[in-house]
Amino acid sequence: MTWFLSLLACAGLFAFSSVSVGAAAEHDTAAPTVHTDASTATTNTPEGTSDHHEAAPPSLGQQFLYSYLTAYMFCLSIVMGCFFLVLIHHMFDAAWSVPIRRVTEQVACLIPVLGLLALPLLIFAPSVFPWMNIDPATDHALNVKKAWFNRPVWTVILALIFSLWTFMAFRFRSWSIAQDKDGAAIWTRKARVQAAWGIFVFAFTLTAVCFSLMKSLQYQFFSTMYGVYYFAGSVWTTLITMYVVTLWLSQPGRPLEKVIFYRQKHDLAVLFFGFTVFYAYIHFSQYFLIWNAAMPEETFWYVDRERGSWKWVGMLILFGHFIVPFVILLNQDIKHNLAVMLPIAVWAWLMHYVDMTFNVMPVLYPRGLHLTLLDPLCWFGMVVFLGGVFWKNYLKAAPYPLKDPRLLEAITHHEIPAASQPAAHR
Amino acid sequence: MNMEMTARPHSLLAEFQTPADVMAAAIQCRDAGFSKWDVYSPFPIHGMDQAMGVKKSQVGWFTFTGGFIGFFSGMTMIWWMNQYNYPLVVGGKPLFTPLYAFPVSYEMTILLSAFGTLFGLALLCGLPRFYNPLFRNKRFKKATDDTFFICIEAADPKFAQARTLLEKTAAKNVELVED
């Protein structure tokens, strides 16, 4: 039912968008867009004198596409984060994550759905990505990157990457489901081989996708760390999402009741804590290196994000994405205190959305944070839609890898053997 | 002069053959409310912490205190040197900002956290300690091989009940260790 409603909601959003986007496309051909102006101005004067531009409000279509892109990058984070959890599970021959692996496999199999959801961005790309409206001959920064940043190559690269991801994610899932029947070790072996080369593919392709879809909004920017930065935030959000999903699925009467123990929740929470620090480390490093080197072709990106209320959004990320969760999660026992962890989960989702907004929206609103109703609508529509597809797929197969060779170890290893205790005590 | 007359009891040492036996006995000791006692095993036994009723380690507080002091002393040190004691403009940057002081403060945090952990652990374990009467006990040498022990110290307020309790468990041998 939820699934049907979400489909309706998305269909409604698409119908709504196609009207306004049509208008936006016309607007684009008629005159250069607002943000194109803003970004060329930034190229010429990277120290940020583009304030004199009287920025006209963006059209509804453009607003939708930007809200859509922000929501899209948020959802891509969680899907690719789960894909990453499958990869490292196999790479490290992990035992603890066996009971939650089917969930991550099924989320990773949302990649083709995300590929379809990317179509509006690909079709109306010139309304989103300013560089598509600029002649590389007139812009040095674009000229040196035109091998990648031209519409055909850019589109083909994205299509190839999504196809490759789909291929890998589906293979992981089909091997895992095949093992449910016969319990043969060959399926684990196949997955491990794919994970070994897959982790390299993952690193390069995820970087390429977030360069294409998010970083290229300001094509003049340089940061080799940007891919890792997106990755760190993605896995951070994924881990707390998995914590909540695992918790929910392990309640009495739900599919994972008998296989999820203290240990899985503890490990997910500890990894989440680790990625809180890792994200801060990466984002600080990117900022610090750019600040220290003080080269205009890099600093402008942060100068743009210290203008107006964007400065406070940045502060919110510093304190809300790192310092507050870090200090709270220092305590070991709190990782099992649901009265703390559930609010943190909601907070982490909000912070990741803020982080995506911080990356995308300053292009459209250089003067400061500007929220519209389309932001939560796009976010909600996409999350509910993908959640619905996930749930439908999840119910089709076994809820966890039934015959994984490491399942027994995962659910018993650190538990007290009942036989060694007098009945009165346990 | 008789050494036997001056020797004071140090503890009661009970010997077990399997991890399951020693775990069951540990649960009984825990429930009887002993406070100065320990279990010795050649390898870690999962669940023994709960069986013994060992509370969460307090070492984390030493780590936290060390890290806290490290971070702020790093910041203060750099502020004092660059802004106050010897102001020098480098690369057009401000004399002091937490930004460039961060990497060093971060290292100081890690260093003093590690010191806090190491010395806090030693302090809580009562280390350094050069001698323990158990070292003289011949049977106890097997604690590093294939035997498990429970040792209840004479300093425990409930020591009088110790022998009765240990003899009721699966212990193969219960003996008095003298100081």
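## Domain arrangement of chain B

The C-alpha centres of domain 1 and domain 2 of chain B lie 44 Å apart in this predicted model. Domain 1 is made up of residues 9-53 + 131-178, while domain 2 covers 59-125; the domain bounds come from an automatic or database domain assignment.

Because the model is predicted, local features need pLDDT of at least 70 and side-chain atom pairs count only at pLDDT 80 or more, whereas totals for chains, interfaces and linings use all residues. Residues are numbered from 1 along each chain as its sequence is written, chains are lettered from A and ligands numbered from 1 in the order in which they are written, and side-chain values use heavy atoms, with hydrogens and water left out.

## The sheet of chain B

Helices (H or I, at least four residues) and strands (E, at least two) are DSSP runs, numbered from the N terminus. In chain B, 4 strands form an open sheet in the order E2-E3-E1-E4, with antiparallel pairing; two strands pair if DSSP finds at least two bridges between them. E2 and strand E4 (173-178) of chain B are the edge strands, each having a single partner strand, so one side of each has no neighbour in the sheet. On average, neighbouring strands of this sheet are turned by 20° against each other, direction ignored. Strands of a sheet pair through backbone hydrogen bonds, either parallel or antiparallel.

Strand E2 (residues 37-40) of chain B is joined by 4 bridges to strand E3 (residues 148-153) of chain B, and the two run antiparallel. Within this pairing, Trp37(B) has Ile152(B) as its bridge partner, and Asp38(B) is partnered by Cys151(B). In a regular strand the side chains alternate between the two faces of the sheet. In E2(B), Trp37(B) and Val39(B) form the covered face, and Asp38(B) and Tyr40(B) the uncovered one. Helix H2 (residues 19-32) of chain B lies across strand E1 (9-16), E2 and E3 of chain B, and runs at about 20° to E3(B). Such angles run from 0 to 180 degrees between N-to-C directions, the axes being lines fitted to C-alpha atoms, for helices over the stretch in contact.

Ala114(B) lies in helix H5 (residues 98-125) of chain B. Ala114(B) is partly exposed, with a relative accessible area of 42%; buried means under 20% relative accessible area, exposed over 50%, and partly exposed in between (1.4 Å probe, protein chains only). The C-alpha atoms of Ala114(B) and Gly66(B) are separated by 7.6 Å, although the two residues are 48 residues apart along the chain.

In the loop between H5 and E3 of chain B lies Pro128(B). The peptide bond joining Leu127(B) and Pro128(B) is cis, with omega of about -5°.

## Chain A and its helix H14

The secondary structure of chain A comprises 17 helices and 0 strands. Of its 426 residues, 54% count as buried. Among contacts in chain A with a separation of 6 or more, 84% are made by residues 24 or more positions apart; contact means heavy atoms within 4.5 Å.

Helix H14 (residues 310-329) of chain A has 20 residues and should span 28 Å at 1.5 Å a residue, which agrees with the 27 Å between its end C-alpha atoms; the expected span is 1.5 Å times one less than the number of residues. H14(A) has a kink of about 30°, centred on Phe319(A), where the bend at a residue is the angle between axes fitted to the seven residues ending there and the seven starting there. Buried residues of H14(A) include Trp310(A), Val313(A), Ile317(A) and His321(A). The buried residues of this helix pack against helix H11 (226-249), helix H12 (262-293), helix H13 (296-304) and helix H15 (338-360) of chain A. His321(A) has a relative accessible area of 0% and is therefore buried. Not counting residues up to four places away in sequence, His321(A) touches Trp236(A), Thr276(A), Tyr279(A), Leu316(A), Met351(A) and Asp355(A).

## Positive phi in chain A loops

Most residues other than glycine have a negative phi, and most peptide bonds are trans. Asp93(A), not a glycine, has a positive phi of about 50°. Asp93(A) lies in the loop between helix H3 (60-91) and helix H4 (98-108) of chain A and is partly exposed, with a relative accessible area of 29%.

Ala294(A) is also not a glycine and has a positive phi of about 50°. This residue lies in the loop between H12 and H13 of chain A. With a relative accessible area of 45%, Ala294(A) is partly exposed.
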